Amino acid sequence: MLGYVGAYRERSRRRLTQLVAWPGPDRTTKAAPPIKGALAHAAALLRAPRILVIWEQPEEPFQHVALFSEGDVRHAREPAGHFGTLVAQSLLKASFLVDVARQADASREPRNRLAPQLVDRNLWSAFGIRRALTAPFQRDLCRGRVFVLDPSGSTDDDLLLVELIAGRLGVDLEHYLLRHQVQAAATLTERERLGRDLHDGLLQNLAAANIQIKLSANRVNGEVAAQLEETRALLADEQQRIRRFVEDYRP
């Protein structure tokens with residue numbers, strides 16, 4: 001008994017140490033979202049071949065789907081509601097084990113009828129879910145669920161780890177979305193500043209040059225006057241093009 005307890009404590013300590021070494025989002029990659037390293041870390045920690053993460057963002061008409069398998073991540077977007085609520089309504093806030101074989105044997109229900117009672121039928125079919133540990137996450141900018149598919153273990157400790165991993169992934173996704181919002185806001189601010197500079201500087205200078213050329217054209221005749229009018233027309237075209245740019249990026 002003492003040997004078992006000692007081995008259990010050592011295993012728990014080692015796994016928690018691995019969890020503490022969470023890699024977080026990889027900012028060196030242009031992948032969206034950059035969670036490949038985190039999913040690889042979670043897969044190694046739980047000894048699972050695949051990890052599925054599905055989440056939604058406010059006011060977006062689709063669900064994000066990221067599947068880690070064979071060392072890579074495939075990211076896709078499905079229409080909102082394609083996978084429903086992911087799991088049964090009564091389990092929306094719960095962490096639990098999906099084990100179709102064990103539950104079918106216990107309830108004597110056919111496997112193809114039992115699994116959709118726990119997870120959405122389209123989800124169950126699309127990813128061949130037979131055995132999985134799953135936990136939800138909820139953040140201000142995203143909410144979703146993690147499915148650890150075909151894990152090597154299914155104890156309460158494994159489920160607790162999945163809950164912690166789901167929470168960390170939720171934080172990573174929210175940080176990515178926040179950075180994206182900050183970058184978008186900075187880009188918009190820079191465009192607005194450029195628009196003001198063009199409107200208050202270049203456009204006014206072009207208008208002044210146009211007036212000067214018109215006055216000069218009135219003092220000459222013949223070919224020189226025609227060339228000045230052509231120059232005025234070119235300046236007018238540039239003024240219109242810049243004005244359209246300024247209007248397009250006006251806040």
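1. The protein exposes about 15200 Å², of which carbon and sulfur atoms supply 53%. Accessible areas follow the Shrake-Rupley method with a 1.4 Å probe, and for residues only the protein chains shown count as cover.

2. The model is predicted: local features need pLDDT of at least 70, side-chain atom pairs count only at pLDDT 80 or more, and totals for chains, interfaces and linings use all residues. Residues are numbered from 1 along each chain as its sequence is written, and side-chain values use heavy atoms, with hydrogens and water left out.

3. The secondary structure comprises seven helices and six strands (DSSP runs numbered from the N terminus: helices are H or I of at least four residues, strands E of at least two). From the N terminus on, the order of elements is α-α-β-β-β-β-α-α-α-β-β-α-α.

4. The six strands of an open sheet are arranged as β3-β2-β1-β6-β5-β4, with antiparallel pairing (a pair requires at least two DSSP bridges). At the edges stand β3 (72–79) and β4 (96–99), each of which pairs on one side only. From one strand to the next, the twist averages 20 degrees (axes are lines fitted to C-alpha atoms, with angles from 0 to 180 degrees between N-to-C directions).

5. Strands β5 (residues 131–138) and β6 (residues 143–149) run antiparallel and are joined by seven bridges. F137 stands opposite G144 in β6.

6. Of the 251 residues in the protein, 37% are buried (under 20% relative accessible area, 1.4 Å probe, protein chains only). Among contacts (heavy atoms within 4.5 Å) between residues at least 6 apart in sequence, 60% join residues at least 24 apart.

Notes:
Buried < 20%, exposed > 50% of the residue type's maximum accessible area, 1.4 Å probe, protein only.
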